[in-house]
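Colleague: Could you walk me through part of this model? I would like to start with how the strands pair.

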Amino acid sequence: MGLFSFLKKKPSTDVPGEIKDGSRDAQSTTTPDISQDEVDRLDAKLAKSRKRFTSGLLDFFGGRKIDDELLDDLEAQLVMSDVSVKTATKIIESVRTAAKNNSSDLPAILRQELTQLLTPCQQPLEIPDNDTPFVLLVVGVNGAGKTTTIGKIARQLQNGGKTVMLAAGDTFRAAAVEQLKTWGERNNVPVVAQGDGADSASVIFDALQSAKARGIDVLIADTAGRLHTQHGLMDELGKVSRVIKKLDPSAPHETLLVLDGTTGQNALNQAREFGNSVEVSGLAVTKLDGTAKGGVLFTLADELNLPIRFIGVGEGIYDLRVFDAPDFVGALLGNYSPDGSITPT
Ligand SMILES: Nc1nc2c(ncn2[C@@H]2O[C@H](COP(=O)(O)OP(=O)(O)OP(=O)(O)O)[C@@H](O)[C@H]2O)c(=O)[nH]1
Ligand SMILES: [Mg+2]
């Protein structure tokens, strides 16, 4: 089953890609607030992305023999789709072995090998049913999609029956607080903010105090975009963690690094650099709707030992999917007929 199949599913009881809630049964916690229009629009967006990714692969699936020349061409195509050379080589070697051992059906082999590579990263965020708020700290470089992803996650959590509060920890960029407040209004969730020039750690500390007092399930903290070269700002993230630990030694429960999927290999470097300063526990890869570079996920999966929690597929509130390896590969590859034509899955 591919990504499109579940997008097309009648949105009667759940939102596509619902966050797993360890504490409740899915039926009682979801609400039908996604329209059929919304689903169709997403489907169209992703169809475009799949077409771009696969147009270069089409050549390979028209009954060509699996030999060294074809595998070399395939490797080049993967690299053009932004899979790193190292990861592409690994994929090709596993395809070669699988082809030798049992099959000449290249689309099937590729689907299997790509899915296998991504599967270890398929670890959805689970929110335990605790008395204290689950603290989700969202970090990343400027413009990666942090604030937007927060708005989308807040909606998914609410749909799963969780109460949510947002903390306006981006005290650096003008208008960042307003942007988060807008997402708060859209979701009808409280946003804790302070005035101009406030200290990020202090805003998030206050927010956690308030979330505790109000019995909120999940506090999502926004932070300013930063580069690893901005040492002051990187240190600020450490301070945020230290300060909130005074209220809850186990917080933050998730440090989600948001990566812009259109930045290709840069995303890998960013993940490594952030990993040097903070304990990243999960990834969200955004803007996969607008890119031919979906291949970056394979590199991230291969090179980092980190869960990919979400993928962003648009700017709207529902344009976020819980990462699912077979569905993602299905969406990229589509279904191939023996003559090499593609039909969406
Ligand atoms: N197409 C597309 N656009 C996205 C996606 N996620 C975010 N964006 C857009 O990317 C731009 C930046 O998003 P923000 O959420 O403001 O990014 P940010 O990381 O909070 O940025 P800073 O706070 O400036 O560091 C906005 O125009 C978003 O609408 C996505 O999945 N797909
Ligand atoms: Mg932001």
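Modeller: L166 has V191 in strand β3 as its bridge partner, where helices (H or I, at least four residues) and strands (E, at least two) are DSSP runs, numbered from the N terminus. The chain crosses from β2 through helix α8 (residues 176–187) to β3 in a right-handed β-α-β crossover, meaning that, with the strands pointing away from the viewer, the path from the first strand over the helix to the second runs clockwise.

Colleague: What kind of model is it, and how do you number things?

Modeller: It is a predicted model, in which local features need pLDDT of at least 70 and side-chain atom pairs count only at pLDDT 80 or more, while totals for chains, interfaces and linings use all residues. Residues are numbered from 1 along each chain as its sequence is written, and chains are lettered from A and ligands numbered from 1 in the order in which they are written.

Colleague: How many bridges join β2 to β4?

Modeller: There are 6 bridges between β2 and strand β4 (residues 218–223), and the two run parallel; two strands pair if DSSP finds at least two bridges between them. V164 has V218 as its partner in β4.
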